[in-house]
Amino acid sequence: MFYREAGDFKTSYVADNQTFPIAFDRYRYYVVLAVAIGVVPFMLNEYFASAVLIPFLIWSIIAIGLNILTGYCGQVSLGTGGFMAVGAYASYKLMTAFPDLNIFFVILASGGVTAGVGLLFGLPSLRIKGFYLAVATLAAQFFLVWLFNRVGWFYNYSASGQINAPERSVFGFNVTGALAAPEAKYLFCLAFVILLGIVARNLTRGKLGRSWMAIRDMDIAAEIIGVDPLKAKLSAFAISSFFVGVGGALFFAVYLGAVEVGEAFGINKSFLALFMIIIGGLGSIFGSFAGAAFIVLMPVLLKNVMVGGLGWPTDIAAHFEFVILGGLIIFFLIVEPHGLAALWRLAKEKLRLWPFPH
Amino acid sequence: MDGAAYVTPDGRSIGDVVMEMRNITLRFGGVTAIRDISFDIREGEIRAIIGPNGAGKSSMLNVINGFYHPQEGEVWFRGAKRGPMKPHAIARQGIARTFQNIALFSGMSTLDNIMTGRFTKMKSGLLAQAIWKGRAEREEVENREIVEKVIDFLEIQAIRKTPVGRLPYGLQKRVELGRALAAEPKLLLLDEPMAGMNVEEKEDMSRFILDVNDEFGTTIALIEHDMGVVMDISDRVVVMDYGAKIGDGTPDEVRNSQAVIDAYLGVAHD
Ligand SMILES: Nc1ncnc2c1ncn2[C@@H]1O[C@H](COP(=O)(O)OP(=O)(O)OP(=O)(O)O)[C@@H](O)[C@H]1O
Ligand SMILES: [Mg+2]
């Protein structure tokens with residue numbers, strides 16, 4: 001009975017509106033934050049940071065972004081990889097054009113550029129829905145990758161066609177380039193995760209979030225209570241793309257450092273993001289984190305177990321990874337469309353009643 | 001428009017014309033759903049629209065709230081002719097409705113469904129919403145207070161946080177009414193609010209409709225098949241059949257009209 005809400009009465013609507021209405025949840029959130037900021041950076045090793053933590057943080061932002069569009073507003077997108085590329089190339093162009101601009105603002109501005117592009121590619125959603133919209137976003141994915149490959153201006157006409165992140169620092173610590181320490185990269189990404197996580201939570205619990213969900217659940221009813229479908233859908237596309245663009249910029253500038261567009265931002269990235277929100281939970285911020293953690297961690301764990309533990313060849317282990325991923329997707333689509341977040345909620349509901357389930 | 005107040009036979013005085021349909025004709029390809037119909041709705045009244053299945057009643061509500069655009073005729077609202085408008089813009093003018101088939105937001109709780117009904121009243125910008133301070137939070141609380149009043153009024157406190165998909169049919173209809181009421185509409189359109197309900201639920205719903213009309217002075221136009229209910233709660237009735245208007249008047253007048261009796265008894269059409 002340690003996890004409960006008894007005796008935790010809400011005396012105002014503000015209190016009832018909290019992100020974590022149960023005190024225990026709230027404390028756990030603060031503890032997680034404190035550990036993430038105050039403890040993790042001191043026990044980081046290079047491998048864990050680059051194989052797990054940094055990709056997890058970046059993918060969380062991307063998953064939240066896609067979840068806003070698909071989970072909250074109900075518009076399926078297969079263009080996530082393409083929008084990540086927009087964020088990445090925007091940050092590259094901004095870094096090279098304005099060397100003195102602080103990298104923090106470069107990343108935010110890259111999100112802004114991606115929001116604009118997302119808005120543009122969101123226009124078809126006003127006419128088409130579901131499967132056809134998915135195909136339209138798929139076209140965006142291929143078009144964007146093709147564009148960044150073909151037009152030299154985007155990669156500053158470099159001979160290799162690649163883009164490389166110049167060295168940039170925050171408060172004197174390098175966060176991009178070869179000299180950046182894993183701790184600095186981690187904290188830099190964490191700052192964006194915290195900032196954008198709070199923004200996403202606030203947007204989804206308020207007026208805008210309700211207008212997205214209204215469009216998702218019943219668009220004609222949304223219209224008769226005054227929601228303009230045009231504004232709701234386009235704002236979802238823009239804000240979602242902002243998140244994905246920030247994620248893409250971090251993916252390039254902080255995580256990879258050098259990027260070849262087709263390889264780094266291909267269609268498989270779009271699917272990966274979609275898998276994250278399906279497994280984590282559509283329409284849930286927590287689910288976006290859970291899904292990102294799952295997809296990032298699973299290959300690392302499997303590899304350690306199968307290659308390290310059982311001594312299997314790496315290629316078999318890699319195939320096995322796909323089998324497990326595919327099985328899980330089918331499981332969640334059929335059994336629990338609200339993903340890990342719903343399982344988590346279910347566990348909490350059980351705990352709330354434990355040990356007296358009746 | 002005539003400004004004279006209208007007095008119903010039972011002595012209720014109802015106000016000026018708020019909505020006027022003039023010679024509305026609506027066609028879908030070869031089908032004429034509404035054929036040259038004119039009628040008005042007066043401030044503060046309960047106006048029923050009745051007629052057999054397929055008569056064009058729902059289509060009429062869809063014309064009023066902008067889902068359908070009639071090929072001919074004019075819609076006048078509060079003394080002004082209305083141009084072609086989108087449903088969300090019409091909602092902002094103070095017209096709310098419920099649907100014949102429940103159209104709730106299935107993924108949201110009762111509270112969120114009704115809060116969404118406050119959409120047009122919320123004005124905070126993107127930035128305020130993103131940081132959830134100042135206007136956004138204040139607005140959320142102010143609107144929540146109004147929504148709680150609606151919840152109390154409809155006696156659905158216990159299901160506040162329940163996802164609407166889990167609610168029984170009768171309660172879903174009530175939540176949908178709540179969502180429309182939350183908009184504090186001037187004109188409320190109800191498309192068969194009591195369809196599929198048992199007697200007890202119908203009584204509850206009738207009481208809510210009368211109370212809304214009485215306490216908030218909301219003008220109501222409702223479609224209903226249950227004649228008993230229509231005769232009991234409405235001030236004036238429009239009767240439609242095969243897209244045409246065949247009767248208009250008080251419940252008593254309509255009940256005694258030969259054309260209406262024929263339509264309901266199924267006299268062969270020529
Ligand atoms: N969107 C549409 N496209 C084509 N025909 C339509 C459309 N909407 C309505 N109709 C036709 O218009 C006519 C009137 O339909 P409407 O739904 O308005 O009837 P109703 O009076 O509400 O009937 P009910 O009592 O069954 O609800 C019907 O013949 C219907 O088939
Ligand atoms: Mg109907």
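1. Let me start with one residue pair: B:M19 has B:I41 as its bridge partner in strand 4 of chain B. Strand 3 (residues 17-28) of chain B is joined to strand 4 by eight bridges, and the two run antiparallel. Strands here are DSSP E runs of at least two residues, helices are H or I runs of at least four, and both are numbered from the N terminus. Two strands count as paired if DSSP finds at least two bridges between them.

2. Before going on, the caveats. This is a predicted model, where local features need pLDDT of at least 70 and side-chain atom pairs count only at pLDDT 80 or more, while totals for chains, interfaces and linings use all residues. Residues are numbered from 1 along each chain as its sequence is written, with chains lettered from A and ligands numbered from 1 in the order in which they are written.

3. Back to the sheet. It's an open one of four strands in chain B, ordered 4-3-6-7 with antiparallel pairing. Strand 4 and strand 7 (80-81) sit at the edges with a single partner strand each, so one side of each has no neighbour in the sheet. Helix 1 of chain B packs on this sheet, touching strand 3, strand 4 and strand 6 (72-77).

4. Now ligand 1. Among the residues around it are B:F28, B:V31, B:K57 and B:Q100; the cut-off is a C-beta atom, placed from the backbone, within 6 Å of the ligand. Strand 4 (31-42) and helix 1 (57-64) of chain B each give two or more residues to this shell, and helix 1 has the largest share, with three. By class, the shell has four nonpolar, seven polar and one charged residues.

5. Have a look at helix 6 (residues 169-182) of chain B too. 11 of its 14 residues are buried, so the helix is largely enclosed by the rest of the structure. Buried means 20 or more other C-beta atoms within 10 Å of the residue's own, with C-beta atoms placed from the backbone. Those buried residues pack against strand 8, helix 3, helix 5, strand 9 (187-191) and helix 7 (199-215) of chain B. Just after helix 6, B:E184 takes a positive phi of about 50°.

6. Last, the interface: 34 residues of chain B are in contact with 25 residues of chain A, contact being C-beta atoms, placed from the backbone, within 7 Å. Helix 5 of chain B gives the most to the side of chain B that touches chain A, with six residues.

Key. Two residues are in contact if their C-beta atoms, placed from the backbone, lie within 7 Å. Ala, Val, Leu, Ile, Met, Phe, Trp, Tyr, Cys and Pro count as nonpolar, Asp, Glu, Lys and Arg as charged, and the others, Gly among them, as polar. A residue is buried if 20 or more other C-beta atoms lie within 10 Å of its own, exposed if 12 or fewer, and partly exposed in between; C-beta atoms are placed from the backbone. Axes are lines fitted to C-alpha atoms, for helices over the stretch in contact, and angles run from 0 to 180 degrees between N-to-C directions.
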